[in-house]
Structure formats: structure tokens, C-alpha cells
Amino acid sequence: MAPLRFSANVSWLFPELPGLLERLRAAGNSGFKAAEVGWPYAEPPEALARVAREAGLQLVLINTPPGDREKGELGLGAVPGRQAAFREGLEQAVLYAKALGCPRIHLMAGRVPQGADRAAVMGEMETVFLENLRHAAGVLARENLVGLLEPINTRITDPQYFLDTPQQAAAILQKVGRPNLQLQMDIFHWQIMDGNLTGNVREFLPIVGEGPFHCSFLVCYAASVLPLFQPPASVPQDSAGVWAHICPHLSPGHVQVAQVPGRGEPGSPGELNFPYLFQLLEDEGYKGFVGCEYQPQGDTVEGLSWLRSYWDKWGHPQAGQ
């Protein structure tokens with residue numbers, strides 16, 4: 001069992017600092033070895049890569065562009081009529097990911113169009129999303145990148161968001177059937193929508209990309225990667241009759257954390273018992289990154305006491321040591 005690896009989401013952490021470059025430096029000085037950025041596009045990728053390198057940070061996740069924020073857009077993947085804009089944004093995200101050495105891109109689904117009835121447009125939006133995801137999977141595969149789908153809760157955070165439960169996301173991933181598309185687990189959103197975190201973590205961690213992987217979704221033949229939603233007869237089974245091979249060419253997916261309901265630090269008061277949840281992820285064999293995507297309740301560095309305690313348990317060296 002290995003310790004979890006945490007990444008600083010500098011779109012959320014260090015709000016006391018004015019820009020992404022300063023926040024990346026602060027993350028490195030605070031002991032982080034990895035960082036993620038929601039939308040890095042206001043800064044030249046070369047500048048972000050240089051500062052991250054100087055700060056000793058690996059960049060592990062970015063999002064596709066949100067679209068037209070003034071018109072209320074928050075991603076375009078499932079939005080009818082915006083397929084061309086989604087693909088343009090994907091190309092920009094790939095350019096940044098390559099420059100930053102970032103292996104994962106969150107493919108944002110987007111919102112139900114304003115004035116539309118959610119139930120009436122869900123079928124059309126899923127069709128658009130499937131089309132865009134198949135296109136994205138091909139683009140990402142050529143660059144050895146992974147695309148992530150993140151359900152965002154519609155109870156509190158964004159009532160109009162199309163993709164809002166892990167069950168919906170898992171069903172879409174199975175329909176797409178591309179091994180370089182995975183599930184992004186934001187524990188904040190999952191708790192608000194469904195609770196049952198122990199059961200859902202255990203059920204869905206395999207398609208987050210790292211976990212026990214019984215009945216794995218992937219098998220690797222030389223340089224080719226094939227989906228195993230319906231495994232071919234030639235794929236070997238273990239003694240329990242399940243497929244357990246992991247393809248080594250794909251990066252694991254991603255987990256994010258924040259307390260519920262206030263979206264503060266994991267150590268702040270709220271519904272979630274994070275020592276238990278971290279132990280659960282460890283026990284389930286998760287080896288990807290855990291993104292700190294929360295709103296600091298005060299000074300960011302002072303609010304990292306929960307993380308310093310976790311590092312102390314594992315003997316992680318603190319910044320400056």
C-alpha cells in the first residue's frame with residue numbers, strides 16, 4: 001500500500017495571489033509535487049511550463065476551454081450545435097497539454113442550453129457527447145493523452161450541467177468504448193448527488209483508471225490498446241475467471257476532494273470523514289493523483305494542516321527540509 005499523491009488545483013488554491021504563475025510557485029513552496037489548472041489559457045504555455053519546472057511541479061490535469069462564458073457556457077462537449085467549437089477547444093487543450101507535459105484533459109460536457117427542458121434534450125445531448133468523445137479519443141490517442149469525464153452535481157453547484165452522476169458517466173464511457181477515456185471522481189460532487197461513497201468508490205474506481213481492476217477494461221497487445229467491454233476469447237483470465245491485465249501505456253485517472261457542503265478544506269467541518277476516505281482509496285489501490293479543488297476558508301498555507309498531517313503519517317518531507 002502506497003501513500004496518496006496530492007496535486008494543488010491552482011485555479012482554486014492560493015486565491016490571495018494574483019495569477020497562475022505566482023500560485024504555481026506557492027504550491028511548490030508548500031510541498032506539493034504536482035499541480036492542476038482548470039483553464040490555463042490566459043498564460044502562454046511556455047511560461048506555465050517554465051514556472052512549474054522551477055517549482056518542482058508536475059502538471060497533471062487541465063480542462064478543455066469553457067466556451068463563451070458571457071453566454072453562460074461551461075464546456076461544450078454535449079452542447080448541440082457547438083461541435084466545431086468543441087473540437088477547436090480540444091486542439092487548444094492538446095497544444096497546452098503537450099507543452100506542459102500534462103497527460104490528462106478533462107473533457108467538459110457543458111450545460112443544458114438556456115430555456116431548454118432538460119428531459120427533452122437529454123437524448124440529443126448524449127448523441128452529441130458520444131460523437132465528440134469518439135473524435136476526442138482519436139485526437140488524444142495520437143498524442144498519448146487521456147480524456148476524463150467529470151460529473152458535476154446539479155443539486156447545488158450547477159443545476160444545468162448535463163453530466164451529473166457517475167452512473168451516467170459510466171454508461172456513456174461504455175457506449176464510447178475507448179480505453180483512453182476515463183472517469184474523473186470528484187468526491188464533493190458525488191457526495192451531494194448520491195452519497196454512498198464507499199460503495200461508489202469501490203464500484204467506479206476501476207474506470208477512474210487505477211484500482212483493483214478485476215474485470216479490467218483494458219488489455220494491451222504490443223503497441224495496440226483494445227477496449228474490453230466485450231473481451232475477446234483470446235484474452236487470458238485469472239483463476240477467478242476475470243480479466244485482470246492493466247495496460248501500462250495509459251496514465252491513471254483523477255480524483256478531486258473538498259468538504260461538503262461548504263467546499264472547504266478536507267480538514268474543515270462538514271459531512272465527510274476524509275481520513276476514512278483516504279484510507280479507502282489506499283486500500284483500493286488507487287495510484288493516481290488526488291486534486292485539492294476546494295475553496296480555502298482562510299490563508300491557503302495555514303489551511304493545509306490536514307495535508308501536512310497526512311504527509312507526516314507517511315514521512316513525506318515538508319517544504320524546506
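Start by selecting strand β1, residues 5-9. Four of its five residues are buried, so the strand is mostly covered, with buried meaning under 20% relative accessible area. Keep in mind that this is a predicted model.

**Either side of β1**

Pick Ala8, then look across to β10: Cys292 stands opposite.

Select Asn9 and find its bridge partner in β2, which is Glu36.

**The whole barrel**

Eight strands form a closed barrel, in the order β1-β2-β3-β4-β5-β6-β9-β10. The pairing is parallel. Step from strand to strand: neighbours are turned against each other by 30 degrees on average, direction ignored.

Move to strand β5, residues 146-149, and strand β6, residues 181-186. Three bridges link this parallel pair. Which residue of β6 is the bridge partner of Leu149? Leu183 is.

Next, show helix α4, residues 118-142. α4 lies across β5, β6 and β4 (104-106). Relative to β5, the helix runs at about 155 degrees.

**His189**

Select helix α6, residues 187-193, and pick out His189 within it. Is His189 buried or exposed? Its relative accessibility is 3%, so His189 counts as buried. Display what surrounds it. Leaving aside residues up to four places away in sequence, His189 touches Glu150, Pro151, Ile152, Asn153, Thr157 and Arg263.

**α7 against α8**

For the last stop, select helix α7, residues 197-208, together with helix α8, residues 274-283. They pack at an angle of about 25 degrees, and their axes are 11 Å apart. Because angles under 35 degrees count as roughly parallel, α7 is roughly parallel to α8. The crossing of the two helices is right-handed.

From α7, show Leu197, Thr198, Val201, Arg202 and Leu205. These meet Tyr276, Leu277, Leu280 and Leu281 of α8. Colour the contact by class: seven residues are nonpolar, one is polar and one is charged.

Key. Residues are numbered from 1 along each chain as its sequence is written. This is a predicted model: local features need pLDDT of at least 70, side-chain atom pairs count only at pLDDT 80 or more; totals for chains, interfaces and linings use all residues. Side-chain values use heavy atoms; hydrogens and water are left out. Axes are lines fitted to C-alpha atoms, for helices over the stretch in contact, and angles run from 0 to 180 degrees between N-to-C directions. Angles under 35 degrees count as roughly parallel, over 145 as roughly antiparallel, 65 to 115 as roughly perpendicular and the rest as oblique. A crossing is left-handed if the near helix is turned anticlockwise from the far one by less than a right angle, and right-handed if clockwise. Contact means heavy atoms within 4.5 Å. Ala, Val, Leu, Ile, Met, Phe, Trp, Tyr, Cys and Pro count as nonpolar, Asp, Glu, Lys and Arg as charged, and the others, Gly among them, as polar. Two strands pair if DSSP finds at least two bridges between them. Buried means under 20% relative accessible area, exposed over 50%, partly exposed in between (1.4 Å probe, protein chains only).
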